[in-house]
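Please keep the sequence and model in view while reading.

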Amino acid sequence: MEHNLLFSSKATKPELFSLVKSHIAANGGREAFVVYEVDSWAEKMYGVGILRLPPYHCHWNAIEFVWADLKSHLRRFGDPSDKLEIVRNRALDFLQTYDGSKASSVIEHCRRDENDVRQMQHEKEVDDEDFSL
């Protein structure tokens with residue numbers, strides 16, 4: 001009823017389930033109906049939208065660049081035979097002294113790359129809609 005689907009009050013559970021499945025498929029799939037509370041809160045409180053990124057997408061997640069820097073640091077100053085406590089302390093020291101300007105640079109790099117992709121998608125949409133000769 002919430003989605004204005006017409007159904008018989010005498011419909012069986014399998015019939016209702018089938019109706020719901022076809023409605024979901026016709027309206028963008030299951031993902032189209034997922035609503036995260038944090039998204040609603042961010043929109044209501046701050047007027048911002050949350051952008052969901054592909055998991056572990058190395059070009060759009062700044063943490064992936066920091067993680068790469070950390071792994072490189074540990075390889076450079078460590079040894080495979082180091083005890084876990086030594087590696088842990090080395091990692092904590094690296095993260096606590098991570099340069100703020102480097103972090104800003106990484107975030108800006110991600111923004112630029114993301115905006116480039118958005119621009120390409122926008123240009124593709126414009127090109128796809130233009131059928132003039």
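Leu 16 is found in helix α1, which covers residues 13-26. Helices here are DSSP runs of H or I with at least four residues, strands are runs of E with at least two, and both are numbered from the N terminus. The model is predicted, so local features need pLDDT of at least 70 and side-chain atom pairs count only at pLDDT 80 or more, while totals for chains, interfaces and linings use all residues. Residues are numbered from 1 along each chain as its sequence is written, and side-chain values use heavy atoms, with hydrogens and water left out.

- Is Leu 16 buried, partly exposed or exposed? Leu 16 counts as partly exposed because its relative accessibility is 32%. The classes are buried under 20% relative accessible area, exposed over 50%, and partly exposed in between, using a 1.4 Å probe and protein chains only.
- Leu 16 is in contact with Phe 7 and Ala 11, leaving aside its neighbours within four places in sequence. Contact means heavy atoms within 4.5 Å.
- Leu 16 and Asp 113 are 97 residues apart along the chain. Their C-alpha atoms are separated by 45 Å.
- Helix α1 has 14 residues. From first C-alpha to last it reaches 20 Å, close to the 20 Å expected at 1.5 Å a residue. That expected span is 1.5 Å times one less than the number of residues in the helix.
- Gly 28 follows α1 and has a positive phi, near 95 degrees.

- His 23 counts as buried because its relative accessibility is 17%.
- Which residues does His 23 touch, not counting those up to four places away in sequence? They are His 3, Leu 5 and Phe 33.
- Asn 4 lies in the segment before α1. With a relative accessible area of 68%, Asn 4 is exposed.
- The C-alpha atoms of Asn 4 and Arg 75 are separated by 59 Å. Along the chain, these two residues are 71 residues apart.

- His 73 is found in helix α3, residues 62-77. At 14% relative accessibility, His 73 is classed as buried.
- Arg 90 and Phe 94 are the residues that His 73 touches, not counting residues up to four places away in sequence.
- Arg 90 is found in helix α4, residues 84-96. Its relative accessible area of 22% makes Arg 90 partly exposed.
- Beyond its neighbours within four places in sequence, Arg 90 is in contact with His 73, Leu 74, Phe 77, Gly 78, Asp 79 and Asp 82.
- Arg 90 and Phe 17 are 73 residues apart along the chain, and their C-alpha atoms are separated by 55 Å.

**Whole chain**
- How many helices and strands does the chain have? There are 5 helices and 0 strands. Along the sequence the pattern reads α-α-α-α-α.
- The chain has a radius of gyration of 24 Å, whereas a compact globule of 133 residues would have one near 14 Å. The radius is taken over C-alpha atoms, and the globule rule is 2.2 Å times the number of residues to the power 0.38.
- Along the principal axes, the C-alpha atoms fill a box of roughly 70 × 50 × 35 Å.
- Of the 133 residues in the chain, 10% are buried.
- Among contacts in the chain with a separation of 6 or more, 38% are between residues 24 or more positions apart.
- The accessible surface comes to about 11,600 Å², with 58% belonging to carbon and sulfur atoms. Areas come from the Shrake-Rupley method with a 1.4 Å probe, and for residues only the protein chains shown count as cover.
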